[in-house]
Amino acid sequence: MAKVSMEKMSKRYDGADDYAVEDFNLEIDDHEFIVFVGPSGCGKTTTLRMIAGLEEITDGELYIDEDLMNDVEPKERDIAMVFQNYALYPHMTVFDNMAFGLKLRKVKKDSIKERVENAAELLGLTEFLDRKPAVLSGGQRQRVALGRAVVRNPKLFLMDEPLSNLDAKLRVKMRTEIAKLHEELGSTTIYVTHDQTEAMTLASRIVIMNDGVIQQVGAPYEVFNSPDNVFVASFIGSPAMNFYDVTYNNGKISDGKGLNLPVDEENRKYLDENGYEGQEIIFGIRPEHVHEYVEDSETPSDEAMPAKITVSELTGSDANLYLKVGDTEMTAIVDAQDYHEPGYEIEIMMDMNKVHFFDKETEEVIN
Ligand code: ATP
């Protein structure tokens, strides 16, 4: 088990004008399950490869426990990496694939047998130990790749999109298996994905990256509920958060196209104190916080807005409604029982205490 610490770690590939990863600062604790997410090309794999020692660090420092790793060979770092494409040896049995790294390290035969058998048991591979990878399913192959990492009992697991070659159902199953494995082994794990459900369900903390730069680090509920900027707010959550350019005046916001809303007291305080009166700001609300209006004593009816459904999707227990409020487009996630066909007109309301305001220029959250 290991702590990992990165101080202004940066990477510029030979001949490139820009940094692929810039000033990456992060302290990872023992046992943590850290997930790097972000759009394609944002630098997730480059960061992981620098930690593994497969890519040279251009500037900054990488420590594992208290030791500086910048110039330490990959095989001396006591790290196991699991890749997307499994990278199994086709001519070897499952047992030999799992044993391979241990043999290279001259581990004793008895100990290899014991470690492979234990890992196979943990991963439900016992009955496949004599088979070759070709006769295994995708999920089983990925389990062998995990097993090969597990037998080494490394300080640190690095996983680069390990589930992205699997079909949707198997992905969900393997996701839970990885969570279980982490629960049992407790090893510090760094996991790269562009799948935000994987990130939200597996991570103790998520690192959201864009253009080689960390945008926010936090527990899944933190990055979902308190995004630091527009990028994080739009990247996390599906369907994505609704955003509007609005003007703030006298405790109200308006987009001039149909949205006219009172701002709750707490947000008013932030906006007033920071001099946003009369200014244009970005208003964000998650689809989860837009509801069909029901008349009750708690919500004044003047907060209800007429909306027309343009597209509706039933997703199981929920429904996504794509709405027009005046000329303003909006997405709502409602209970499946509130599903309506396109063309239907409803009244909607918003949880005004769950909204987000961002500076128009910096796109940073206002608080
Ligand atoms: P993806 O989700 O598509 O795998 P990523 O977030 O892992 O993307 P990286 O693969 O780390 O992103 O790439 C970061 C940036 O570095 C990209 O602009 C990419 O084009 C560039 N890059 C990656 N590998 C190299 C390389 N070997 N030489 C030059 N540039 C590279």
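**Strands, sheets and their setting**

Modeller: In this predicted model, F243 stands opposite G284 in β14. That pair is a place to begin. The strands concerned are β11, residues 242–249, and β14, residues 280–285; they run antiparallel and are joined by six bridges. Both belong to an open sheet of five strands, whose order is β13-β12-β11-β14-β20 and whose pairing is antiparallel. At the edges of this sheet are β13 (260–262) and β20 (356–359), each of which pairs on one side only. Direction ignored, neighbouring strands here are turned against each other by 40° on average.

The other sheet to look at is also open; it has six strands in the order β6-β7-β8-β3-β9-β10, and its pairing is mixed. Its edges are β6 (79–82) and β10 (213–218); each has a single partner strand, so one side of each is left without a neighbour in the sheet. From one strand to the next, the twist averages 15°. The partner of β6 is β7, residues 156–160: the two run parallel, with four bridges between them.

Now the setting. The protein is divided into domain 1, residues 4–235, and domain 2, residues 242–359. Taken over C-alpha atoms, the centres of the two domains are separated by 39 Å. Five residues from domain 1 and five residues from domain 2 make up the contact. On the side of domain 1 that touches domain 2, three residues are nonpolar, two are polar and none is charged.

The unreviewed UniProt entry carries the annotation "domain: ABC transporter" for residues 4–236. Over residues 4–236, the chain is 36% helix and 24% strand, with the end C-alpha atoms 25 Å apart.

Note on methods
Residues are numbered from 1 along each chain as its sequence is written. This is a predicted model: local features need pLDDT of at least 70, side-chain atom pairs count only at pLDDT 80 or more; totals for chains, interfaces and linings use all residues. UniProt positions are given in the numbering used here, feature names are shortened, and annotations may be inferred rather than shown by experiment. Domain bounds come from an automatic or database domain assignment. Two residues are in contact if their C-beta atoms, placed from the backbone, lie within 7 Å. Ala, Val, Leu, Ile, Met, Phe, Trp, Tyr, Cys and Pro count as nonpolar, Asp, Glu, Lys and Arg as charged, and the others, Gly among them, as polar. Two strands pair if DSSP finds at least two bridges between them. Axes are lines fitted to C-alpha atoms, for helices over the stretch in contact, and angles run from 0 to 180 degrees between N-to-C directions.
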